[in-house]
Amino acid sequence: MTGGRTITATGRDAILRAARRAFTQRPYAEVTIRGIAADAGVSASLVVKHFGRKEELFNTVADFGPAAAELFDAPLDGLGRHMVVTLVTRRREFQSDPLLRVVFSLGNQDERSLLRDRFHEQVTDALTARLPGEGRALRAELLAGHLLGLGATLSLHREGAGASATPERIADLYAPALQRLITG
């Protein structure tokens, strides 16, 4: 219990969102469990109970594997559409983008470089391994860029036309470019 209420999946999600913001916007040494807890609206002891030490929480935040597995879980002939629908749906359900946090780590030289390394390994390399034909690594990098661009666009235009469009409609417009990169 914290403040008279039991932590729910929503509380856990709030902790993860607060930790993502903290670790991508400030040097690791400046991030504290108390600060994350305050931002999430929970007690510091609850953060420790669910995630352990700061290092363990950072490793949870830096893990793109589950998001990549979900995004890439479709046959190649429909993968572009699946990625768009999954990304948009996940953003709306969880109020966070599964990949975009890596953008905030660009240009930083401290522990946050782990985010970039993990992104490359768990997203770009995983996608490269799935793609057929020549130029797979380049196509995977471009696909990752498209996914990040879609996430950035939806974040930038939170109240725009994309906010009222269905994930399927966004996929109708956006997925053909992804699919072309997938098939080569």
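**Close-up views of a predicted model**

Close-up 1. The structure holds four aromatic pairs, and one of them joins phenylalanine 23 to tyrosine 28 in a stacked arrangement, with 5.8 Å from centre to centre and 20° between the planes. Ring pairs link these two residues and Phe58 into a cluster, made up of Phe23, Tyr28 and Phe58. Over the face of tyrosine 28 lies lysine 54, at 4.2 Å from the ring centre.

Close-up 2. The aromatic pair of phenylalanine 64 and phenylalanine 119. These two rings are arranged edge-to-face, with 5.3 Å from centre to centre and 90° between the planes. The pair links distant parts of the chain, since phenylalanine 64 belongs to the loop between helix H4 (54-61) and helix H5 (65-71), while phenylalanine 119 belongs to helix H7 (residues 113-130), 55 residues apart. Both phenylalanine 64 and phenylalanine 119 are buried.

Close-up 3. The crossing of helix H6 and helix H8. The axes of H6 (residues 79-94) and H8 (residues 136-156) come within 11 Å and cross at roughly 35°, and the crossing is right-handed. On the side of H6 the contact is made by Met83, Val84, Leu87, Val88 and Arg91, and on the side of H8 by Leu143, Leu147, Leu150, Gly151, Leu154 and Ser155. Sorted by class, this contact of H6 with H8 has eight nonpolar, two polar and one charged residues.

How values were computed:
Residues numbered from 1 in each chain as written. Predicted model: local features only at pLDDT ≥ 70, side-chain atom pairs only at ≥ 80, totals over all residues. Heavy atoms only, no water. Axes fitted to C-alpha atoms, helices over the stretch in contact; angles between N-to-C directions. Helix = DSSP H or I, 4+ residues; strand = E, 2+ residues; numbered from the N terminus. Left-handed = near helix turned anticlockwise from the far one by under 90°. Contact = heavy atoms within 4.5 Å. Nonpolar A, V, L, I, M, F, W, Y, C, P; charged D, E, K, R; others polar. Phe/Tyr/Trp six-rings, centres within 6.5 Å; stacked < 30°, edge-to-face > 60°. Buried < 20%, exposed > 50% of the residue type's maximum accessible area, 1.4 Å probe, protein only. Lys NZ or Arg CZ within 6 Å of the ring centre and 35° of its normal.
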